[in-house]
Amino acid sequence: MQERLQKILAKAGIASRREAEGFITAGRVAVNGMVAAELGTKADPEKDLITFDGKPVRCEERKVCILLYKPAGYMTTLKDPEGRPVVTDLLKEVPERVYPVGRLDYNTEGLLLLTNDGDLANRLMHPRHEVDKGYLVRVRGSVTPDQLRQLADGVLLDDGMTAPARSALVKESENNSWISLTIHEGRFRQVRRMCEVVGLSVVRLKRSRYGFLEIGAMKPGDYRLLTAAEVEQLRTDPSKPPRKLQGSVSKQDRQKLLPEEGRRAETAQRSGVITAFDRPLTGKGDRIPTRSTEKGTSIPKKITDERVGGVKESTAQRKTASGTIVRKSNAHMHNSKFKK
Ligand code: URA
């Protein structure tokens with residue numbers, strides 16, 4: 001298939017499209033031995049010999065895995081018959097044809113992986129490799145210890161009992177409560193259905209963790225490429241961070257990095273006021289160390305959930321310990337329903 005040269009170079013991982021345009025106009029790119037210095041030039045990577053600085057361009061698409069903060073109001077598909085926004089609309093600068101690993105509901109926000117690596121996607125989605133997924137759920141009114149316990153023990157949905165989970169009360173306000181829920185299954189609308197069964201009305205749902213990956217301080221619409229070490233770790237054991245990341249952030253820095261919700265959760269846990277239920281997960285996930293508070297309950301020593309929601313931002317790139325985060329101008333990403 002004929003494609004513009006800058007797209008071919010970008011897909012091959014040589015440069016961004018914009019940089020590639022510079023290389024083309026500088027006469028550094030040739031097609032079948034002829035310098036192609038015009039920007040509109042197209043070539044067929046399967047039939048033509050494309051060279052950059054005299055060296056053949058390997059046209060095989062590089063494998064990438066992207067961590068996106070999916071905003072609410074986006075479909076986790078490549079196209080929507082009803083014309084609603086889709087997650088790949090947020091990745092226009094990514095030349096690779098990535099597709100989502102699993103799905104988040106239209107109204108769910110948070111951590112979503114997208115990749116063009118079929119083997120990685122299959123591994124992550126295979127029931128044998130069930131990955132722990134952490135959610136922050138804002139519900140109407142207050143939450144009782146019994147409701148938390150039911151969520152952790154498992155509830156009966158129309159497609160069977162849910163597996164043991166971890167649940168905790170993170171924060172309460174006058175009208176709402178935030179709970180965290182960690183599950184390793186990936187059934188359709190599972191968290192919403194679990195909450196409904198125990199009588200909780202979900203106002204907002206955010207996935208904050210996928211295996212060892214956390215959304216941290218990213219905002220709706222932000223995304224970043226996973227590092228090679230992170231991808232390798234996802235392949236081998238998604239429950240543990242890659243070695244290089246383990247213990248790399250000091251306790252002091254972590255407090256600074258943790259947005260408000262997480263800080264409050266940690267403080268509340270230290271003072272023992274938070275209620276949490278920690279049931280053994282049957283999957284391979286990492287276990288949050290717990291300490292007992294009263295009979296039948298335990299509280300996690302650490303919760304790494306983070307601030308919920310976002311603010312308007314303009315397009316920018318920000319280097320962080322975990323890579324370059326691409327930040328979009330995201331005025332369009334804020335569904336008023338999700339504002340406090
Ligand atoms: N559970 C849900 O109910 N919805 C999601 O999008 C993800 C998990």
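Reply: Start with pairing. Two strands pair if DSSP finds at least two bridges between them. Strands are themselves DSSP runs (E, at least two residues), as are helices (H or I, at least four), and both are numbered from the N terminus. In β14, for example, T182 is the bridge partner of G134. Two notes before we go on. The model is predicted, so local features need pLDDT of at least 70 and side-chain atom pairs count only at pLDDT 80 or more, while totals for chains, interfaces and linings use all residues. Residues are numbered from 1 along each chain as its sequence is written.

Me: What makes β10 and β14 a pair?

Reply: The cut-off is at least two bridges. Strand β10 (residues 133-140) and β14 have eight bridges, in the antiparallel sense. They count as paired. β10 also pairs with β15, antiparallel, over seven bridges. There G134 stands opposite R209 in β15.

Me: How do you know that β13 pairs with β14?

Reply: Count the bridges again. Six join strand β13 (residues 166-172) to β14, and the two run antiparallel. K171 has W178 of β14 as its bridge partner. A hairpin of three residues joins β13 to β14.

Me: Why is L200 called buried?

Reply: A residue is buried if 20 or more other C-beta atoms lie within 10 Å of its own, exposed if 12 or fewer, and partly exposed in between; the C-beta atoms are placed from the backbone. L200 has 24 C-beta neighbours inside 10 Å, so L200 counts as buried. Its place is in the loop between α5 (190-197) and β15 (202-210).

Me: Which residues does L200 touch?

Reply: Contact means C-beta atoms, placed from the backbone, within 7 Å. Leaving out residues up to four places away in sequence, L200 touches V139, V143, Q147 and C195. L200 and S142 are 58 residues apart in sequence, with C-alpha atoms 8.7 Å apart in space.

Me: Why is β14 called largely enclosed?

Reply: Seven of the eight residues of β14 (residues 176-183) are buried, so the rest of the structure largely encloses this strand.

Me: Which residues of α6 are buried, and what makes them line one face?

Reply: In helix α6 (residues 228-236), they are E230, Q233 and L234. Seen down the axis of α6, these buried residues fall within an arc of 105 degrees, so they line one face of the helix. The arc is that of the directions from the helix axis to the C-beta atoms. The face turned away from the buried side carries the exposed residues A228 and T236. The buried residues of α6 pack against α3 (118-125).

Me: What makes a set of residues a nonpolar core?

Reply: The members are buried Ala, Val, Leu, Ile, Met, Phe, Trp, Tyr and Cys residues, joined through C-beta atoms within 7 Å. The largest such core has 29 residues, and I66, L67, L68, L113 and L114 touch the most other members. Elements giving two or more residues to this core are β7 (65-70), β9 (109-115), α3 and β22 (323-327). The largest share, five residues, comes from β7. A second, separate core of 22 residues includes V137, L151, A165 and V191.

Me: How do you know which residues are around the ligand?

Reply: A residue is near a molecule if its C-beta atom, placed from the backbone, lies within 6 Å of it. The residues around the ligand are L104, D105, T108, R189, Q190, V191, R192 and L205. The largest share of this shell, three residues, comes from α5.

Me: How do these shell residues divide by type?

Reply: Ala, Val, Leu, Ile, Met, Phe, Trp, Tyr, Cys and Pro count as nonpolar, Asp, Glu, Lys and Arg as charged, and the others, Gly among them, as polar. The shell has three nonpolar, two polar and three charged residues.

Definitions and conventions. Two residues are in contact if their C-beta atoms, placed from the backbone, lie within 7 Å.
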